Protein chains: 4
Amino acid sequence: MSTEKTIFERRESEARSYCRGIDVVFESAQGSEMKGEDGRTYIDFLAGCSSLNYGHNDPDMKQALLNHISADGLAHALDLHTTTKAAFLESFEKYILEPRGMDHKMMFMGPTGTNAVEAAMKLARKVTGRENIVSFTDGFHGVTLGALAATGNSYHRGAAGISLNGVTRMPYDAYMGEGYDTADMLEVMLNDSSSGMDAPAAIMLETVQGEGGLNAASKAWVERVGRLAKEHGALLIIDDIQAGCGRTGTFFSFEDMDVQPDIVTMAKSLSGFGLPFAAMLIKPDYDIFGPAEHNGTFRGNTHAFVTARVAIEKYWKDDAFEAEIAKKGDIIAESLREVADMVPGAFLKGRGMMRGVDVGSGELAEDICGRAFEKGLVIETSGSDDQVVKILVALNVPEETLRKGLDILVEAAREVTGHKQIAAE
Amino acid sequence: MSTEKTIFERRESEARSYCRGIDVVFESAQGSEMKGEDGRTYIDFLAGCSSLNYGHNDPDMKQALLNHISADGLAHALDLHTTTKAAFLESFEKYILEPRGMDHKMMFMGPTGTNAVEAAMKLARKVTGRENIVSFTDGFHGVTLGALAATGNSYHRGAAGISLNGVTRMPYDAYMGEGYDTADMLEVMLNDSSSGMDAPAAIMLETVQGEGGLNAASKAWVERVGRLAKEHGALLIIDDIQAGCGRTGTFFSFEDMDVQPDIVTMAKSLSGFGLPFAAMLIKPDYDIFGPAEHNGTFRGNTHAFVTARVAIEKYWKDDAFEAEIAKKGDIIAESLREVADMVPGAFLKGRGMMRGVDVGSGELAEDICGRAFEKGLVIETSGSDDQVVKILVALNVPEETLRKGLDILVEAAREVTGHKQIAAE
Amino acid sequence: MSTEKTIFERRESEARSYCRGIDVVFESAQGSEMKGEDGRTYIDFLAGCSSLNYGHNDPDMKQALLNHISADGLAHALDLHTTTKAAFLESFEKYILEPRGMDHKMMFMGPTGTNAVEAAMKLARKVTGRENIVSFTDGFHGVTLGALAATGNSYHRGAAGISLNGVTRMPYDAYMGEGYDTADMLEVMLNDSSSGMDAPAAIMLETVQGEGGLNAASKAWVERVGRLAKEHGALLIIDDIQAGCGRTGTFFSFEDMDVQPDIVTMAKSLSGFGLPFAAMLIKPDYDIFGPAEHNGTFRGNTHAFVTARVAIEKYWKDDAFEAEIAKKGDIIAESLREVADMVPGAFLKGRGMMRGVDVGSGELAEDICGRAFEKGLVIETSGSDDQVVKILVALNVPEETLRKGLDILVEAAREVTGHKQIAAE
Amino acid sequence: MSTEKTIFERRESEARSYCRGIDVVFESAQGSEMKGEDGRTYIDFLAGCSSLNYGHNDPDMKQALLNHISADGLAHALDLHTTTKAAFLESFEKYILEPRGMDHKMMFMGPTGTNAVEAAMKLARKVTGRENIVSFTDGFHGVTLGALAATGNSYHRGAAGISLNGVTRMPYDAYMGEGYDTADMLEVMLNDSSSGMDAPAAIMLETVQGEGGLNAASKAWVERVGRLAKEHGALLIIDDIQAGCGRTGTFFSFEDMDVQPDIVTMAKSLSGFGLPFAAMLIKPDYDIFGPAEHNGTFRGNTHAFVTARVAIEKYWKDDAFEAEIAKKGDIIAESLREVADMVPGAFLKGRGMMRGVDVGSGELAEDICGRAFEKGLVIETSGSDDQVVKILVALNVPEETLRKGLDILVEAAREVTGHKQIAAE
């Protein structure tokens, strides 16, 4: 390994994580390819955990950012008005909100997903005067104290060092398997004054649980949960941080559903370029935080406004990109089915280009990803036991690169599971 | 006002704040000057609330960032190893940690100050197995749920919508005025098994409380608190987010004090360029988070590594910059004394280039800042009642610009208070 | 109404409750009959909410208590050793614990049920080092802050004025109706490391939920929950405050089940005479509170030791009393079935002599009880909407009195529902 | 030791406490004397921790209780109206409330002090819509979860096993020694919107901290705290559980102070006879709990109403008893001064007949009490380190018995400290 590596061991915290399995010192990246300092190239099926939906260093965003910096555009502006923010807001309004009939307002906070979730939870509590927030099994919403209470993962919860309060956990769609409609439980408890579930300020959900194992809720379930929220005076918060920005096939993950979320949290790919950026969309009636009541030094990252505007204008002016995602999603599914066929009991998860295969054990999933990495593919697992091989490739990945990466994955799975390559016979 | 303004009203949340008093749409900025879209130039005495200690678009950082982006350097890399991160860590080790005899390790989290504080509080609780964290009156540590519990400001606390737990509040240095050593109270309560103060996981403090009104703790008080923490098995966390990175005259705000903080939280000016970036320094024995136990998508902002490295190499290789800060601090103090002389009971606050004048009422302080803004100076208030006129100009502000800004401030104060210009007689 | 009544309105808090519906000033009581100051006699089907399982002023207990007081026996002894306590413990050991193969130790705390629950919850947390306690929908465990967190009723929860933390609510047996085994949910969540249910210190349940509407859990469900607790390192707490002391047909409500509760909370009828008294039974390994770590001035009510001992010796030396309860339970069920037949959809609840009829609406149930009261029967409702007419008559009620009371109830139901008396035709 | 003793070891929880130091099996008690099963007599300077202010088995209360039971008076009546309760309320109104100009209403809850405190805290939160309750260093208010949060003692707090929230701790009168007026801190924090002290629902205090070491607050301090509560919209709760019922010289401990507590909690000696009983007095405007909103099976212990009424009529019809307490308080102080003179640095604590001597170490205090016990005196320690020898003898102790007990104490102290008996020389 590189000599530079030693500085990480010497001075970087033991909390570092991805770099342990993906043991390369990277130097640069373009599109869906990353280059190590040794010149080796890797196909990127991780995409910054869905923060790089448009790949690395998209040339148009890159040029716009270079122009901005060269012209002494602001890097940091607190929440002051800037021409850059105005241009972003205008594009977001024109290409995202208006076509979808959304009258939401946009609030920028500290540029992290967890911060968006914290702001959403606080706002819902302020709007309703209630404390309880319903979240779901296997949900992941962040690791700062408020958001962590809504996160299911016990490893992360265990790091709180203090009680995680104010959240009632309900079973996510299909959590109990066939036959149970888990929304029944939610409805019964909401209607029962002795259920012990305090009247909720909000019901908060991901339509596809990225960290939780690519669990995709059905349209019917999300719609029913949305109706229950409305009936019980609770806000519906859709945490679209990982599933949004096109990942599931449409800009928002809930566009095909008949729901009107009161709050939508966004981060990850919102900047388009991988820059820290977070926001929440708020129905105007609930836009009741006072000035700076929820604040943060880096709210409204100006560089991110630049690239986010380009991302919207480049990819979301018409529905061509949606068609592209749908097609690639099918390609991905096909390869995942091949993998699934090698592992008894394995099954596909997710939708759009947020897909994976549950191979039943974290060990096996990690073996497959490890073998793929040796062959030049950066890919990770997810799920409560890391049992899901997860593909989060850039949405604009060239088809050739995509197929190349998928071939590596299938071959890695074949090697690890000991399956013969039937096609070769 | 500009037509672009309407988009802010139409689509940006009512939570926006600074833009209300500073009613300009900014287009660009260089050094300590900001330019509006109408071409008007403003001197910047706010400096992104101490996030722009080296001014806007420092030419060396700017060039390095342009180079990085042009060469397809990574924008987003999760916590993967990169050559960029290695270079930053090496500079930070060489120019910051080693000369100060600090063996701390560095952890990157979601790039916001509040996230650094959350990580620090969680880590202290994990290290000690205790829950309680002592923080101080008028302290400000962020607005996500964990950090907010440690923040004193009632406006921000009121937005939580849920109990803020796990923190014991003690009086900050000089909080009770002359005659009381507030550390006495801390010591007595720590030593009394019936005080009701649970054994603390950490004592967390700012050496100068930026948002709290530029209250500067004395060397003796900080040292005593540090000793008490050690004696009682509590970690000492110094939140250096606002006071660090040179703001008080040295890189860390506590360098002149005989303390060894177990954890130091950093953000704001750490990137040098105003980019979102946060870290905490951890004594190696306490570096016990497991991989990704506290995580975050944007931990380790790669663009920020580029500029942060340049900032360190440009400003902190020797002690010339410290001398410059000291000199400018005196210049600032002189002007503030002029202002103080116009207001009965007014007095100076802070140290280094983190200074202000307490004019006794928020209304007066805001009038002075408002008048200064009309004259082309961006400046803000702080303190529990906004009663402190606060100067957070870039540390590398040219002396001429500094004096020009100070003259505006003094004149604004004179006009608002109705004082004659004595020097003119 | 009596002139004495005015003092209640003048000086007793508006929190008074039963006296509003049962508008009599009582003077004395014997067995299952209570006498008002006007000389009128009422049959008591409330029995102090199961605190008077042996009726009012049982002659043997009464005589023993008179003897004790006459002889200057201690009234208050903190937790000092007394001959009275020794005698009680010996009887409890001999007639209750030993025959049932229970090696539990007995802890006395402040003489209220809620205090026993608080002690149990604290002890389970201490034993396991975990915080979370699983309790169930419709459970009622008391209204002090710790116990209230485990209580489902929203009216009581709403009075907390502060967050109720540390409890995860799961669906009680049959909560979701036919077809769902609610223990499935508990098992899945316990086994899923991302369910968001923190590892529990205890699972706490009533085998019959008295306040919750006389919901009787099945043997299979309780046994399965008990096994799940054991498998997951959680203590099993059976709150037998209302269902214990013979109410369901055996001394403990769980005797017919194959469970070994780690902690059993007891109160209500434990003293036998209606005197304040509470205790918990603890498996010896978990008897780890330090001296007075959980204390209370009135722990170990000496007068209650006197009557409790007599109760045990009089009623629980052999199984005659169990047979009597079984028989009377059947008699009660028969009459309740008559009532149920008058109301479409009505159905029977409970078991042993802890029975009622769910008439579908609180209004109807209250009308029936109100009419019964006019006819000389003291009877109350329970359930989340007070929709259950509840019979908690003394276990030793003479059969004649029982039938007389039941006749009143049936007649009251007939009048309220407008049903003709078919038997008369 | 007695053979009966083994049953305690076999079946009573390790949480038992007083019986460890006071190793006797008691059989009966009269006035201020307790008799062991071996016939030995002990003078009682513990008085059930102030629950037996009128001694054991006061003949008038005893006779009234015997009459009540013999006549089948109710033992348990929930919160139904009874002639017994009416008689008590009338006496309490006539002899206690009216002469003191108190228009308070009385609420009965589960008959324990901690339950009264829980009810008071809940009510204050409901009245104000605020959560925070200010309590004081060294305060003791009970061990159920809500009250425990307000209790200072770390041994008891440590048993919670969960966070204790909703309370801000402030220094009690004289906590910081001479020179500091601790109410200054309270006032400054209440007035500072960035102090981090959330606006309080209530300020709760004991005028003399019984468990905390017999710390007696000054009249001026209590009055100032009372004014601060009023000014800041907080209720003033005086927890008079241990210091009330005559213990400090007047019925309420605050009668000589110019304060109007909004809520007064009472328990311990309220029944007069050592029976479990608790109540709170509430200013009528704040009597806003709904029916049974805070409830409890044993609220309103009917036997206790009988004896409590006699206690009031016997001792509080005129001021003779107050004079008697004052005189005995002086006698006690005199002896304690003798003890203090034997121990360098020792000093007297408390007032009225709630007095002790701080001998500087728990070990010494326990040695003195242990030696006294050998000589036939039951006496205990208090304070954060058990460093205070505490006298809580019955208020109606015959002077001869009192002097005899004091002589034992002085002699025990002399033997333990090795002091010669100077008077004998």
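A salt bridge is a side-chain nitrogen of Lys or Arg within 4 Å of a carboxyl oxygen of Asp or Glu. Buried means under 20% relative accessible area, exposed means over 50%, and partly exposed lies in between (1.4 Å probe, protein chains only). For charge, Lys and Arg count as positive and Asp and Glu as negative, while His and the chain ends are not counted.

This is a predicted model: local features need pLDDT of at least 70, side-chain atom pairs count only at pLDDT 80 or more, and totals for chains, interfaces and linings use all residues. Residues are numbered from 1 along each chain as its sequence is written, chains are lettered from A and ligands numbered from 1 in the order in which they are written, and side-chain values use heavy atoms, with hydrogens and water left out.

Start with Lys268(B). It is buried, yet has no salt bridge. The nearest side chain of opposite charge is that of Glu211(B), 5.2 Å away. Lys268(B) sits in the loop between strand S12 (263-266) and strand S13 (279-282) of chain B. Helices (H or I, at least four residues) and strands (E, at least two) are DSSP runs, numbered from the N terminus. A polar atom of the Lys268(B) side chain lies 3.1 Å from the backbone oxygen of Cys49(B). Contact means heavy atoms within 4.5 Å. Neighbours within four places in sequence aside, the contacts of Lys268(B) include Thr297(A), Phe298(A) and Phe277(B).

Arg169(D) is another buried residue without a salt bridge. Here the nearest opposite charge is on the side chain of Asp198(B), 7.1 Å away. Arg169(D) belongs to strand S7 (residues 167-170) of chain D. Its side chain makes a polar contact (a pair of N or O atoms within 3.5 Å; within protein, one must be able to donate a hydrogen and the other to accept it, and residues adjacent in sequence count only if both atoms are side-chain atoms). The partner is the side chain of Ser135(D), at 3.1 Å. The backbone oxygen of Ala149(D) lies 2.7 Å from a polar atom of the Arg169(D) side chain.

Elsewhere, charges do pair. The whole structure holds 116 salt bridges over all chains. One joins the side chains of Asp103(C) and Lys283(C) (3.4 Å, N to O). These two residues are 180 residues apart. Asp103(C) is partly exposed, at 39% relative accessible area. Another salt bridge joins Lys314(D) and Asp60(D) (2.6 Å, N to O). Lys314(D) is in helix H11 (residues 302-315) of chain D and Asp60(D) in helix H4 (residues 59-70), so the pair ties together parts 254 residues apart in sequence.

Now turn to the nonpolar cores. A nonpolar core is a set of buried Ala, Val, Leu, Ile, Met, Phe, Trp, Tyr and Cys residues joined through side-chain atoms within 4.5 Å. The largest has 404 residues, and Phe92(A), Phe92(B), Phe92(C) and Phe92(D) have the most contacts inside it. A second, separate core of 70 residues includes Phe140(C) and Leu148(C). Residues touched by Phe92(C) include Leu97(C), Met106(C) and Ile312(C).

Chain A has domain 1 (61-315) and domain 2 (319-359 + 371-393 + 409-418). Such bounds come from an automatic or database domain assignment. The domain centres, taken over C-alpha atoms, are 26 Å apart. Between them, 23 residues of domain 1 are in contact with 18 residues of domain 2.

Finally, look at the backbone. Most residues other than glycine have a negative phi. Ala174(C) has a positive phi of about 70°. Ser50(D) also has a positive phi, near 80°. Ser50(D) lies in helix H3 (residues 47-50) of chain D and is buried, at 1% relative accessibility.
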